[in-house]
Amino acid sequence: MIISMNTVFTELDHINTLHEAVRREMSEKRLSHVVSVAKTAFTICTLLTLSEEETKKTVTASYLHDITKEKDKLWHYEFCNQHGIILSDDDKRADEVLHQITGAPYAKKVLPDYVTPTVYGAISKHCTGGVNMNIYEKIVFLADYIEPTRTNEACKSLNHFFFNECYDGNIRKHLDKAVLLAYDNTVRYLNEKGAFVHPSTLLGREDIIKSLNLERKI
Ligand SMILES: [Fe+2]
Ligand SMILES: [Fe+2]
């Protein structure tokens with residue numbers, strides 16, 4: 001079944017389970033962000049006319065994407081140690097990235113039946129992006145950036161671009177363009193702060209430029 005624009009978010013039968021699982025793990029503020037990401041992802045799924053099953057996977061990953069965001073650095077390091085996860089030197093230089101590495105395996109422990117390989121992959125790339133992102137990974141990555149509770153001007157203007165400026169009617173290509181703009185903004189923001197840019201972000205950006213076949217400077 002295709003999810004139509006008339007299907008409401010709360011009709012998805014697993015929302016309550018997801019909500020209860022993440023509510024225990026985070027502050028009210030982060031919970032609002034997570035719900036907003038899930039609703040934004042749901043709307044993107046309807047625009048892309050994804051099936052109910054595809055939409056469920058995307059919404060599940062969106063709900064769970066920040067499940068370890070409020071854990072401290074020591075917790076992330078211990079979790080990785082206990083679960084045989086090797087952090088690269090680049091991962092260790094980017095504290096913000098730790099929660100995308102621990103998020104998927106932690107979510108799988110909390111809700112094993114919900115964290116399919118698709119969901120796992122989308123949680124694992126939501127922060128940095130990466131090469132060869134599938135449609136679910138792109139949607140969660142973009143929804144995290146443009147969800148409407150974000151107050152940053154770059155996020156707000158990308159939200160406007162995605163939802164209001166699809167002139168050629170090719171919604172999948174439009175999604176790729178928005179993902180590229182999210183990469184651009186992230187790289188610019190980190191450069192301005194003098195912060196480390198994770199290689200997965202740079203490689204993901206180059207990858208989407210190639211797939212869009214745009215003539216622009218990498
Ligand atoms: Fe995150
Ligand atoms: Fe997030």
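Predicted model: local features only at pLDDT ≥ 70, side-chain atom pairs only at ≥ 80, totals over all residues.
Buried requires 20 or more other C-beta atoms within 10 Å of the residue's own, exposed is 12 or fewer, and partly exposed is in between, with C-beta atoms placed from the backbone.

The helices are DSSP runs of H or I with at least four residues, numbered from the N terminus (strands would be E runs of at least two).

Residues are numbered from 1 along each chain as its sequence is written, and chains are lettered from A and ligands numbered from 1 in the order in which they are written.

**Leu64**

I checked what Leu64 sees beyond four places in sequence: Leu18, Val22, Gly103, Ala107, Val119 and Ile123. Contact means C-beta atoms, placed from the backbone, within 7 Å of each other.

**Helix 3 against helix 7**

Helix 3 and helix 7 pack with their axes 9 Å apart, at an angle of about 45°. Axes are lines fitted to C-alpha atoms, for helices over the stretch in contact, and angles run from 0 to 180 degrees between N-to-C directions. That makes helix 3 and helix 7 oblique to each other.

I noted a right-handed crossing for helix 3 and helix 7. Right-handed means that the near helix is turned clockwise from the far one by less than a right angle, and left-handed means anticlockwise. On the helix 3 side I find Lys57, Thr60, Ala61 and Leu64, facing Thr118, Val119, Ala122 and Ile123 of helix 7. That contact splits into five nonpolar residues, two polar and one charged. The classes: Ala, Val, Leu, Ile, Met, Phe, Trp, Tyr, Cys and Pro are nonpolar, Asp, Glu, Lys and Arg are charged, and the others, Gly among them, are polar.

**Helix 3 against helix 8**

I then turned to helix 8. Its axis and that of helix 3 come within 10 Å and cross at roughly 40°, so this pair is oblique too. The crossing of helix 3 and helix 8 is right-handed. Lys57, Thr58, Ala61 and Ser62 of helix 3 make the contact with Tyr136, Ile139, Val140 and Ala143 of helix 8. I count five nonpolar, two polar and one charged here.

**Tyr145**

Still in helix 8, I looked at Tyr145. It is buried, with 25 C-beta neighbours inside 10 Å. Beyond four places in sequence, Tyr145 contacts Cys155, Leu158 and Ala182. Its C-alpha is 6.0 Å from that of Cys155, 10 residues away in sequence.

With 20 other C-beta atoms within 10 Å, Val97 is buried. Its contacts past four places are Asp91, Cys127, Thr128 and His198. Thr128 is 31 residues from Val97 in sequence, yet 7.1 Å away C-alpha to C-alpha.

Most residues other than glycine have a negative phi. Thr49 has a positive one near 50°, in the loop between helix 2 and helix 3, and is partly exposed with 13 other C-beta atoms within 10 Å. Asn132, in the loop between helix 7 and helix 8, also has a positive phi, about 55°, but is exposed, with 11 such atoms.

**Lys39**

Last stop was Lys39 in helix 2. Lys39 is partly exposed, with 18 other C-beta atoms within 10 Å. Glu147 lies 108 residues from Lys39 in sequence and 8.3 Å from it, C-alpha to C-alpha.

Definitions and conventions. Contact = placed C-beta atoms within 7 Å. Parallel < 35°, antiparallel > 145°, perpendicular 65-115°, else oblique.
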